[in-house]
Amino acid sequence: MSPNLESIASKVKVIGKRNPVYAEIAQWVGDLLSETVQAAGKFRLPELDFDQAPSLEARSQGRSFLDPEKLSLDWEQAGALYKHLVDLLTKRENGLKQAEGLLQALAKDQNGIPKLMKAVLASDFEAIETAAREFKIDPPVLTLILRLSLRPALLNVAQAVFERLDLNQWSYGHCPVCGSAPKLADFSGEGGMRTLHCSLCETAWPYTRLRCPFCENDNREDLSYLRAESEEGLRVDLCNRCGHYIKTIDLRELPGPIIVPLDDVATWHLDIIAQENLENRKFDNRQG
Ligand SMILES: [Zn+2]
Ligand SMILES: [Zn+2]
């Protein structure tokens, strides 16, 4: 499931060609991602008690296979990878300034488990933002380094669970493995079937096209999409009912595979377009 080093390198190239504004950040994230792939072998496989897994019936009602907050991961290796990634960051312009704060942020722990890693598993973005302010780090940098340092452990878990899943039984918008929200979507194949990609464990699962994965709303009047100007194969799907959106990459027009952390940073302009659009709509609705 983990994309290999070649596919990371070729995606970095594709992104730089498609949108030169992202060439540098894609190269940087690609380098960090490659480090996570190389570190994966050092991670101890987590103990997963499949006897404790939710029943088929519970899963058919939308219970994900596991609860990421309860996972016992290889914290030692995750901490070592975090420090290694921070070390690489210091070689970047402005990186040195943030490195000290990043190391202090990791030191906050509870029973030997870094509190902020727990916050990532709980999708507690507020705790991460607060820590970023406290330690004077850019929030996206802190989020990225935390996510990447947990990535080998999470991908291992996802792979072990994935082999036991029947995705035909799953029709929900949250991740069948860990219950987190999707980060990206893609269209592929004839008719453009939609696949969602988990924000935490990067598991991919099919999901119907005309429905919002966040609130399950399928009223077409509340669903719309936007494209960035002159950009083939990229769009953002919006839901007017819950105010969420998802960025979509059309793999019939752009080369795959989806590599969540890379494709996410290379589409930040779509986040801005989506957020502005949803803000304006809120305003329009207020106007009457
Ligand atoms: Zn997941
Ligand atoms: Zn919605």
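The exercises below concern the pockets and the zinc site of a predicted model.

**Exercise 1.** Work out where the largest pocket lies relative to domain 1 (5-167) and domain 2 (168-287).

*Solution.*
1. The largest pocket holds about 1,300 Å³ of space.
2. Its lining counts 42 residues, and Phe125, Thr143, Lys183, Asp264 and Trp268 come closest to the centre.
3. Elements that supply two or more lining residues include helix 2 (23-39), helix 8 (139-162), strand 3 (182-188) and helix 10 (268-287). Helix 8 contributes the most, with seven residues.
4. Both domains give residues to the lining, so the largest pocket lies between them.

**Exercise 2.** Describe the lining of the second largest pocket by residue class.

*Solution.*
1. The volume of the second largest pocket is about 410 Å³.
2. Among its 15 lining residues, those closest to the centre are Gln52, Phe65, Leu66, Asp67 and Lys70.
3. Sorted by class, the lining has seven nonpolar, three polar and five charged residues.

**Exercise 3.** Assign the geometry of the zinc ion (ligand 2) from its donor angles.

*Solution.*
1. The donors are the SG atoms of Cys212, Cys215, Cys239 and Cys242, at 2.2 to 2.4 Å from the zinc ion.
2. Along the sequence, these donor residues follow the spacing C-x2-C-x23-C-x2-C.
3. Four donors count as tetrahedral if all angles lie between 85 and 135 degrees. The angles here are 104 to 114 degrees, and the site is tetrahedral.

**Exercise 4.** Classify Cys239 and Cys242 as buried, partly exposed or exposed.

*Solution.*
1. Buried means under 20% relative accessible area, and exposed means over 50%.
2. Cys239 has 1%, so Cys239 is buried.
3. Cys242 has 27%, so Cys242 is partly exposed.

Definitions and conventions. Residues are numbered from 1 along each chain as its sequence is written. Chains are lettered from A and ligands numbered from 1 in the order in which they are written. This is a predicted model: local features need pLDDT of at least 70, side-chain atom pairs count only at pLDDT 80 or more; totals for chains, interfaces and linings use all residues. Side-chain values use heavy atoms; hydrogens and water are left out. On a 1 Å grid over the protein atoms alone, a cavity is a set of points where a 1.4 Å probe fits but cannot get out, and a pocket is an open set with protein on both sides within 12 Å along at least five of seven lines; lining residues have an atom within 4 Å of a point. Grid points are joined across faces, edges and corners, and a volume is the space filled by probe spheres set on the points. Helices (H or I, at least four residues) and strands (E, at least two) are DSSP runs, numbered from the N terminus. Domain bounds come from an automatic or database domain assignment. Ala, Val, Leu, Ile, Met, Phe, Trp, Tyr, Cys and Pro count as nonpolar, Asp, Glu, Lys and Arg as charged, and the others, Gly among them, as polar. Donors are N, O and S atoms within 2.8 Å of the metal (3.2 Å for Na, K and Ca); water is not among the atoms, so sites may look incomplete. Four donors count as tetrahedral if all angles lie between 85 and 135 degrees; four count as square planar and six as octahedral if opposite donors are over 155 degrees apart and all others between 65 and 115; anything else is irregular. Buried means under 20% relative accessible area, exposed over 50%, partly exposed in between (1.4 Å probe, protein chains only).
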